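User: Could you take me through what surrounds the ligand in this one?

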Amino acid sequence: MSDILVLLDHTSTGALRTPVRELVTLARDLTDGGVHGVWAADGAEPSADALTELGELGVTHVHRLTSDADVRVPAVLAEGVVGLLDATGARTLLAVSSFENKELAAYLAVATGAGVVTDADALERVDGTLVVGKTVFAGTWTTRTAVRTPVAVVLVKANSVVVSPAPAAVAPQVGEHAFTASAGASRVRVVERTERPATGRPDLGSAHIVVTGGRGTEGDFTALEELADVLGGAVGATRVATDEGWIGHDAQIGQTGVTISPRLYIGAGVSGAVHHRGGMQASGTIVAINTDPDAPIFEIADFGVVGDLTTVVPQLTAELRRLKG
Amino acid sequence: MTRSIVVRVRWANRPRCTGASEGNVPDVKIVVCVKHVPDIQSDRQIADGRTVRDGGDGTLNELDENALESALSLVEAAGEGEVVVLTVGPDDAVDAVRKGLQMGADEAVHVVDEAIAGSDAIATARVLAAAITHVGGADLVVTGMAGLDGLTSLVPAAVAALLDVPALPLAAQLEVTGSTVRVTRHLDHASEVLEAQLPALVSVTDQANEPRYPNFKGIMAARKKPVTTLTLADLGLDATLVGAAGARTEVLEAAPRPAREDRVLVTDTGDAGVRLAAYLVENQLV
Ligand SMILES: Cc1cc2nc3c(=O)[nH]c(=O)nc-3n(C[C@H](O)[C@H](O)[C@@H](O)COP(=O)(O)OP(=O)(O)OC[C@H]3O[C@@H](n4cnc5c(N)ncnc54)[C@H](O)[C@@H]3O)c2cc1C
Ligand SMILES: Cc1cc2nc3c(=O)[nH]c(=O)nc-3n(C[C@H](O)[C@H](O)[C@H](O)COP(=O)(O)OP(=O)(O)OC[C@H]3O[C@@H](n4cnc5c(N)ncnc54)[C@H](O)[C@@H]3O)c2cc1C
């Protein structure tokens with residue numbers, strides 16, 4: 001038995017995706033019982049490191065969902081998760097707020113009657129009811145939403161909580177939950193899947209620091225990459241920069257790209273268009289470097305520099321290097 | 001980067017997801033779901049746990065223009081087929097389907113009922129699915145990737161599940177060959193090519209195409225095109241399943257976030273990079 005399941009998003013080599021650690025930290029506070037993990041056995045098995053980490057975070061069980069059908073297809077995975085909810089008696093599923101998991105959540109909602117909250121940044125139980133915090137309208141409003149149904153699916157944004165280990169580490173019990181998918185769920189075929197190669201930098205969606213470039217870079221991201229590397233951060237971009245092909249589409253921050261809420265956002269040559277702000281306005285501290293004193297990004301910047309990025313950014317990088325010694 | 005939509009359509013004669021009667025092969029039909037949302041450039045508000053939707057500055061959700069563009073170009077490439085544009089929302093929402101007609105859709109359906117107010121994503125999907133069934137089903141349902149107000153992206157897959165058709169969300173490229181629909185999509189960590197047979201549902205991203213602007217001819221023609229208004233009763237939907245009554249989630253509180261305090265703006269006179277570094281260190285951000 002378990003109250004709460006956490007979907008363990010992972011890489012093709014069986015390593016945990018960064019935000020999963022936050023989900024487990026949150027889940028522990030919502031239950032007196034154990035936190036159970038759900039591992040979609042999509043070809044990758046949990047690595048030894050992943051299991052150790054999960055144990056340190058307090059995950060007591062890892063359920064490997066296996067099927068004759070392709071568990072990478074959200075409709076298929078949903079059927080496995082429904083079975084697991086039944087088998088474990090869990091009433092809540094937490095997953096990382098990503099487009100794939102939104103798809104999964106929609107199927108779960110239709111199949112189980114679950115209420116779904118996306119892009120959550122806080123969770124608590126109030127008199128037995130799950131209450132979820134989320135920031136909406138491009139980071140300008142905060143809301144608290146109650147889930148009224150017996151089953152709840154909550155998709156949590158990265159950088160919502162500080163990860164902490166469980167009081168006592170455990171050795172997670174790894175089990176298999178094999179299921180047969182319906183013909184309906186298998187109607188979508190994954191013809192091709194190409195995982196993006198690791199960049200050596202943190203994932204954009206969960207990085208604590210993000211350095212972002214826009215049209216003002218005129219296509220040269222070298223200085224921004226150097227800054228990101230000194231800071232141990234990720235590199236992001238506006239849609240103009242990705243459309244121009246200066247950097248991959250996966251670097252696009254905004255309403256139709258990645259939504260981020262890092263501790264520190266640095267935007268250089270970024271005007272701060274509303275579509276872009278929608279994906280970054282919830283960041284902790286916002287720094288903007290722009291030649292135009294009227295650029296809208298200055299309306300939301302904690303520290304704004306009216307200046308040319310080609311001189312300000314290298315100077316910043318050099319000074320940070322010097323201060324770090 | 002080029003924004004291209006690959007269109008190679010040869011519609012097969014095949015049954016719709018619902019509604020088609022036997023022996024009577026209907027014209028190809030695409031239903032495009034469009035949402036009416038508060039303008040994202042406006043000062044958006046929440047009152048009593050709901051988005052204020054009567055501020056007068058509502059518009060067609062920009063991302064649904066991409067959905068319309070995909071549907072229209074598929075029909076144009078195929079040389080046959082009709083496009084029905086569908087919205088669920090209050091009285092003003094009719095503007096969203098009107099814009100769809102101006103862009104070139106053939107028919108519009110607007111589901112409006114007081115009982116729908118306060119619907120969550122799944123309740124909205126229920127109404128959309130019922131409306132699609134009511135108009136005789138579709139060979140293809142096309143949606144946007146997200147509503148720019150709710151931004152849940154839950155509706156497309158939920159509609160597909162309720163209609164019992166495969167969903168291929170987030171198409172950056174969309175191709176229909178015969179009765180096979182193929183989608184290329186870019187997720188956070190991977191790119192995928194998905195395939196399914198029609199009838200199906202796809203959602204398209206803003207990468208999929210460059211939406212057309214309605215021209216004068218389109219605007220004039222739209223005036224003569226039919227807009228069907230439907231209520232929950234018309235759809236045979238129980239009012240307790242939708243709206244605030246049927247909502248599985250309930251907004252308890254909403255408040256504007258306080259403005260950022262202690263903001264600093266400096267003009268570079270040669271040392272801004274150094275000053276910025278000092279600020280970051282002082283605030284323990286690095
Ligand atoms: C700030 C905010 C946060 C919310 N959070 C949640 C939540 O966490 N969980 C939840 O269940 N509900 C939530 N809702 C309610 C939910 O967003 C709406 O009920 C709903 O209509 C779905 O809207 P969406 O913008 O999220 O749709 P999405 O799923 O993002 O929309 C995708 C596509 O579906 C189509 N579509 C969506 N709505 C309609 C419509 N009314 N008519 C025609 N086509 C449509 C469009 O093609 C659109 O591009 C929230 C609403 C707001 C305003
Ligand atoms: C439906 C839709 C969805 C969209 N989704 C997104 C999205 O998800 N993400 C996104 O980013 N955009 C999105 N956009 C595009 C968005 O509206 C803006 O066009 C885009 O964000 C602007 O990018 P930018 O800031 O790089 O360019 P610009 O707006 O052109 O700004 C460039 C800035 O660089 C400054 N600059 C120039 N030279 C220098 C220099 N040497 N040093 C310092 N500053 C300099 C200029 O003063 C200017 O402010 C979307 C648009 C639509 C219609």
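User: Which residues come nearest to ligand 2?

Analyst: In this predicted model, where local features need pLDDT of at least 70, side-chain atom pairs count only at pLDDT 80 or more and totals for chains, interfaces and linings use all residues, 28 residues are around ligand 2 (a heavy atom within 4 Å), and A:Arg215, A:Thr238, A:Ile253, A:Ser271 and A:Asn290 come nearest. Residues are numbered from 1 along each chain as its sequence is written, chains are lettered from A and ligands numbered from 1 in the order in which they are written, and side-chain values use heavy atoms, with hydrogens and water left out.

User: And where does ligand 2 lie?

Analyst: Ligand 2 sits between chains A and B.

User: What does A:Thr238 do there, in terms of distance to an oxygen atom of ligand 2?

Analyst: A polar side-chain atom of A:Thr238 is 2.6 Å from an oxygen atom of the ligand (polar contacts are pairs of N or O atoms within 3.5 Å). In the side chain of A:His276, an N or O atom is 2.9 Å from a ligand oxygen, while a backbone N or O atom of A:Leu309 lies 2.9 Å from a nitrogen atom of ligand 2.

User: How many residues of each class are in the shell around ligand 2?

Analyst: The shell has seven nonpolar, 15 polar and six charged residues, with Gly counted as polar and only Asp, Glu, Lys and Arg as charged.

Note on methods
A polar contact is a pair of N or O atoms within 3.5 Å; within protein, one must be able to donate a hydrogen and the other to accept it, and residues adjacent in sequence count only if both atoms are side-chain atoms.
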